[in-house]
Amino acid sequence: MYALLFALNIFILILCKIFIDIYIESRYNHYIEVRYIEIKYIRGHMDNKLKRIYVPMTETGFYILFCLQKPQHGYGIGLQVKKMTDGEVSICAGTMYGTLSKMEKDGLIAFFAEKEKRKLYQITPLGREILDLEIQRIKRLYRNSMEEI
């Protein structure tokens, strides 16, 4: 009898956690949409300021923002960057978390979830816009470098 009640309580707790996670995720997505609208449209001058700060972007900043197109934590970003660059680029913890903190404050990335005591971040629409500008700039540099002088 007690085992059945115990199992039922565990089942109820698991269901509660699932519903809470769904609720938090929906509230988080709403927050990101509102925050993006606030930064981009209400304070339009902020957008130009961010473009001046982030374009051209540092190599570290570029890789961090590029990796956050999918939810990722700092350690995972570091591993992904090493893999992408065949070990040529390595981002130390201080640089990683300093950059993540600044990008989060500026609205380029946002907290996504916590998994195994690690904060997952994801790029915001504003961050995507900045990343696209940087990719266009890099493509232009490459295109120009292939032309003969």
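Predicted model: local features only at pLDDT ≥ 70, side-chain atom pairs only at ≥ 80, totals over all residues.
User: Which residues of α5 are buried, and how should I read their placement around the axis?

Analyst: The general idea is that an α-helix has 3.6 residues a turn, so residues three or four places apart point the same way. In this model, Met96, Thr99, Leu100, Met103 and Asp106 are the buried residues of α5, and because they cover an arc of only 135° around the axis, they lie on the same side of α5. Gly94 and Lys105, on the other side of α5, are exposed.

User: What span should the 14 residues of α5 have, and what follows α5?

Analyst: At 1.5 Å a residue, α5 should span 20 Å, which agrees with the 20 Å between its end C-alpha atoms. Gly107 then follows α5, with a positive phi near 85°.

User: Which residues of the largest nonpolar core touch the most other members?

Analyst: In soluble globular proteins, nonpolar side chains tend to be buried together. Here the largest nonpolar core has 23 residues, of which Ile64, Leu65, Leu68, Ile77 and Leu100 touch the most other members. The elements giving two or more residues to this core include α3 (59-67), α5 (93-106) and β2, and the largest share, five residues, comes from α3. Leu100 itself touches, among others, Ile64, Leu68, Ile77 and Tyr121, when residues up to four places away in sequence are not counted.

User: In which sense do β1 and β2 pair, and how many residues stand between them?

Analyst: Strand β1 (residues 109-115) and strand β2 (residues 118-123) pair in the antiparallel sense over six bridges, with Gln122 in β2 as the bridge partner of Ala110. The two strands form a hairpin with two residues between them, and Glu116 in the turn has a positive phi of about 50°.

Methods:
Residues numbered from 1 in each chain as written. Heavy atoms only, no water. Pairing = 2+ DSSP bridges. Helix = DSSP H or I, 4+ residues; strand = E, 2+ residues; numbered from the N terminus. Core = buried A, V, L, I, M, F, W, Y, C linked by side-chain atoms within 4.5 Å. Buried < 20%, exposed > 50% of the residue type's maximum accessible area, 1.4 Å probe, protein only. Contact = heavy atoms within 4.5 Å. Expected span 1.5 Å × (residues − 1). Arc of directions from axis to C-beta.
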